[in-house]
Amino acid sequence: MEVFLTGFGPFAGVERNPTETILEQFQQAVKDDPIEGVDVRICTVLETSAVGAAEGVKTLCAQCTVPDTSSVSVPTRRLFLHCGVNANATSFALEKQAFNEANFRVPDQRDFKPLCQPIVAEHGAVDCILTTQIDVESLCEKLCDCGFKCVVSTDAGRYVCNYLYYLSLNSCASVGADCLFLHVPPFSVYDLASQLSFLRALLSELCARVQ
């Protein structure tokens with residue numbers, strides 16, 4: 001399974017985004033100790049802005065080669081896994097869906113502050129929802145069985161996390177990818193080592209489901 005992993009840089013009130021640290025450490029960790037069946041193709045930190053989200057999705061899609069339909073081999077499965085922090089969280093959250101609504105409580109890193117605007121105008125109303133094809137309920141149950149505090153969320157907010165997730169869900173199928181957004185808690189709840197362990201367990205379980 002090819003994995004395209006993203007985190008976020010700083011944003012209002014957060015000088016050092018935990019997901020930036022997690023991705024930096026995880027990239028080295030999987031080089032030293034690879035996850036069986038998992039190829040981390042991209043591990044990148046995005047600017048916390050609408051522009052950064054849009055450019056990020058565009059880059060991920062460009063990195064996905066079109067499957068060779070003439071080949072008898074099974075096409076490689078792909079996963080866009082996006083990580084963001086929820087400073088108030090006490091557990092990991094698997095986001096089930098995203099809303100077509102940009103309603104930023106504070107300006108993003110480019111001073112953009114939309115209010116109740118559609119992310120994809122062609123989709124119409126801001127209450128339009130896109131849902132991941134991944135069975136997040138059973139995935140969450142499995143991760144809880146592994147000893148992690150994990151929940152399924154149906155509301156990723158209306159800030160850049162939701163903005164990125166909506167754009168990614170709208171584009172991933174065109175390049176043969178699944179898509180999931182993970183909200184992580186602050187390091188005061190789960191330290192770096194525990195967060196790296198969770199990410200490893202998440203990818204191992206997702207890979208096992210596509211074999």
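Analyst: Let's start with the outward side of helix H3, where Glu141 and Asp145 are exposed. Exposed means over 50% relative accessible area, buried under 20%, and partly exposed in between, with a 1.4 Å probe and protein chains only. This is a predicted model: local features need pLDDT of at least 70, side-chain atom pairs count only at pLDDT 80 or more, and totals for chains, interfaces and linings use all residues. Residues are numbered from 1 along each chain as its sequence is written, and side-chain values use heavy atoms, with hydrogens and water left out.

User: What counts as a helix or a strand here?

Analyst: Both are DSSP runs, numbered from the N terminus: helices are H or I with at least four residues, strands are E with at least two.

User: Which residues of H3 are buried?

Analyst: Val136, Leu139, Cys140 and Leu143 are the buried ones in H3, which spans residues 136-145. They cover an arc of only 100° around the axis, so they sit on the same side of H3. The arc is taken from the directions from the helix axis to the C-beta atoms.

User: What covers the buried residues of H3?

Analyst: The cover includes strands S4 (92-95), S7 (150-153) and S8 (177-184), plus helix H5 (192-209).

User: New topic. How many residues of strand S3 are buried?

Analyst: In S3 (residues 78-85), 8 of its 8 residues are buried. Arg78, Phe80, His82 and Gly84 point one way, and Leu79, Leu81, Cys83 and Val85 the other way.

User: Which strands does S3 pair with?

Analyst: S1 (residues 2-8) and S3 run parallel, joined by 5 bridges. S3 and S8 also run parallel, with 8 bridges. Two strands pair if DSSP finds at least two bridges between them. Val3 has Leu79 of S3 as its bridge partner, and His82 has Phe181 in S8.

User: What does Asp178 do in S8?

Analyst: Asp178 lies in S8. Its side chain joins that of Arg77 in a polar contact of 2.4 Å. A polar contact is a pair of N or O atoms within 3.5 Å; within protein, one must be able to donate a hydrogen and the other to accept it, and residues adjacent in sequence count only if both atoms are side-chain atoms.

User: How many disulfides are there?

Analyst: The structure holds 0. A disulfide here is a pair of cysteine sulfur atoms within 2.5 Å.

Technical notes
Contact means heavy atoms within 4.5 Å.
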